[in-house]
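Please examine the structure shown below, together with its sequence.

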Amino acid sequence: MEPAATSLGGWAGGGGAAWIGAVQIHREALGGRSRPCAPRDCQLCGGCGQLHRHGGYQRNAGAAGQEKARVERFLGKRCGLTIGVIPAGMLPYRSVPAARVEQWLDRRHGVEPAAVAGGGARSPSACETERGCLERTEKKLLLRIPALRGLLGQRLPVLADGDLGGFWRALRKLGRLVEILVHLAAGSKTSLLADYRMTPDWPRAPAA
């Protein structure tokens with residue numbers, strides 16, 4: 001029998017839902033805490049299990065590959081779920097920081113700093129390597145418009161699938177890019193550029 005999918009996209013066998021696999025959470029979602037909490041809808045621990053430190057790894061924090069940031073990993077020993085904490089200001093599986101993506105798209109699509117939530121200064125010019133990363137990110141976002149429009153619903157105006165400029169300007173009125181990333185993870189357990197497996201910030205379950 002094929003195992004049933006859990007709400008975070010993991011797999012559970014037999015008669016109970018167990019978290020299996022790996023998900024990610026944004027550092028900004030933790031509210032200053034050093035570690036995430038176990039999922040409240042896990043049928044093995046109900047969120048009462050403690051997540052244990054499970055090593056980590058270095059990832060690029062810039063297009064040139066010279067800057068690094070550490071991803072801390074945590075393991076739920078009862079359910080086997082691993083949660084990786086995305087460093088502050090970063091996107092999943094993208095080396096260019098969220099602030100640079102935001103600045104690039106703002107400039108490309110006519111977003112004035114004073115007209116959006118959290119508008120800032122004009123962005124510096126991108127080097128060739130970074131420009132390539134940003135252009136690929138822009139193409140990914142264009143393909144995600146139908147899915148994101150469905151997730152955000154009435155918070156966005158009616159737009160054509162190919163209207164990246166209109167989509168980005170409407171998205172930026174909702175907040176900064178990092179805030180949008182945290183919202184997508186919390187509300188839909190997904191991310192901006194792909195259906196990466198994200199988890200919200202679960203409050204700590206009371207002890208039984």
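Lys140 is partly exposed, because its relative accessible area is 32%; buried means under 20% relative accessible area, exposed over 50%, and partly exposed in between, using a 1.4 Å probe and protein chains only. The model is predicted, so local features need pLDDT of at least 70 and side-chain atom pairs count only at pLDDT 80 or more, while totals for chains, interfaces and linings use all residues. Residues are numbered from 1 along each chain as its sequence is written, and side-chain values use heavy atoms, with hydrogens and water left out.

Lys140 belongs to helix H2, residues 128-152; helices (H or I, at least four residues) and strands (E, at least two) are DSSP runs numbered from the N terminus. Leaving aside neighbours within four places in sequence, Lys140 is in contact (heavy atoms within 4.5 Å) with Arg94, Leu193 and Ala194. The C-alpha atoms of Lys140 and Leu192 are separated by 9.1 Å, although these residues are 52 apart along the chain.

The structure holds 1 aromatic pair. The ring centres of Tyr93 and Tyr196 are 4.8 Å apart and the planes lie at 55 degrees, so the pair is tilted. Rings of Phe, Tyr and Trp (its six-membered ring) pair if their centres lie within 6.5 Å; planes under 30 degrees apart count as stacked, over 60 as edge-to-face and the rest as tilted. Tyr93 counts as exposed, because its relative accessibility is 54%, whereas Tyr196 is buried, with a relative accessible area of 18%.
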